[in-house]
Amino acid sequence: MSLTAGTVINHARDMHPALSPANAPAVVGYRALTRFSGDLVQAVTVRQPAFLAKTATVALPLAVFDSGQSLATSISAGWLDLLEVFGQRTDGASTTEWPVRVHLIPWEQRDMLQKFPAVTVRDNTLYLLGNETDWELLASLKLTYTPRPASVLSDTSVLEVPDDALDALATMLCSLYLWRLVSDPQYRVTGDMASLWDGKAEKERTKFLNRIWRTGQRQSYRVRDVM
């Protein structure tokens, strides 16, 4: 099941009797959910970079080696973090496997001696380091990245967060809607009442993120000595 904007907005309206469709407009909710879901994705990515990761494939050889590969073409929706790159050999028996780890090098160290294969990123462009002839050994690259959340535009827009983010997003949205009604005598929503929902929203956000982080704590890690 995918979490949609319409579902979150309906749950937010259910949380307070003053939040009718007229007082809690969907278009305001779309823009707020774009920001809120982006905030959750950023928070998850800091602690669990691979939790929301996706992959994209770059075919080799590049059209112009020195020009690199535009990530705006390979990852059209945008990306927040590039996690890792693997390569597929030209003599590989299966194109579904990428057995060659490609090293991600900071742009500032591109002119230093690097172990082949290595790539770097600048201005949303992936550059292959080393000699062009060396890269003839690889047929393609698989990029693992954290995607940038898409803008929420309608009730059917799918949010780039797990389904259990519903309560966090709904309470955050409820709080925002209530702040819009503060001091309006018709609805009798006070600043204290809106602040109360701020606290509830923060608790739900923390509860959701703690669930993600506990997943990482249960995983077993080893340290690779790359020197």
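Let me begin with the packing of two helices: helix 1, residues 5-14, and helix 2, residues 26-47, pack at an angle of about 110 degrees, with their axes 10 Å apart. Helix 1 is therefore roughly perpendicular to helix 2, a term that covers angles of 65 to 115 degrees. The axes are lines fitted to C-alpha atoms over the stretch in contact, and the angles run from 0 to 180 degrees between N-to-C directions. Helices here are DSSP runs of H or I with at least four residues, and strands are runs of E with at least two, numbered from the N terminus.

Before I continue, please note that this is a predicted model, in which local features need pLDDT of at least 70 and side-chain atom pairs count only at pLDDT 80 or more, while totals for chains, interfaces and linings use all residues. Residues are numbered from 1 along each chain as its sequence is written, and side-chain values use heavy atoms, with hydrogens and water left out.

Which residues form the contact between the two helices? From helix 1, A5, V8, I9 and R13 meet A26, G29, Y30 and L33 of helix 2, where contact means heavy atoms within 4.5 Å. The residues of this contact divide into six nonpolar, one polar and one charged. In that division, Ala, Val, Leu, Ile, Met, Phe, Trp, Tyr, Cys and Pro count as nonpolar, Asp, Glu, Lys and Arg as charged, and the others, Gly among them, as polar.

I turn now to the interior. In soluble globular proteins, nonpolar side chains tend to be buried together. The largest nonpolar core in this model has 40 residues, and those with the most contacts inside it are L3, V8, L33, V161, L169, L173 and F208. Such a core is a set of buried Ala, Val, Leu, Ile, Met, Phe, Trp, Tyr and Cys residues joined through side-chain atoms within 4.5 Å; buried means under 20% relative accessible area, exposed over 50%, and partly exposed in between, with a 1.4 Å probe and protein chains only. Two or more residues each come from helix 1, helix 2, helix 4 (166-181) and helix 5 (191-217). Helix 4 gives the largest share, ten residues. Beyond residues up to four places away in sequence, L173 touches V8, I9, A12, G29, A32, L33 and F36. Another core lies apart from this one, with 20 residues, among them V58, V85, L126 and L143.

P25 lies in the loop between helix 1 and helix 2. Is P25 buried or exposed? Its relative accessibility is 18%, so P25 counts as buried. Leaving aside neighbours within four places in sequence, P25 is in contact with R13, Y177 and R180.

Finally, the backbone. Most residues other than glycine have a negative phi, and most peptide bonds are trans. A cis peptide bond joins L60 and P61, with omega about 0 degrees, and P61 lies in the loop between strand 1 (54-59) and strand 2 (69-70). The bond from F116 to P117 is also cis, with omega near -5 degrees; P117 is in the loop between strand 4 (100-104) and strand 5 (118-122).

D123, which is not a glycine, has a positive phi near 50 degrees. D123 sits in the loop between strand 5 and strand 6 (125-129) and is exposed, at 68% relative accessibility. R188 has a positive phi of about 55 degrees, lies in the loop between helix 4 and helix 5, and is exposed at 69%.

Key:
Parallel < 35°, antiparallel > 145°, perpendicular 65-115°, else oblique.
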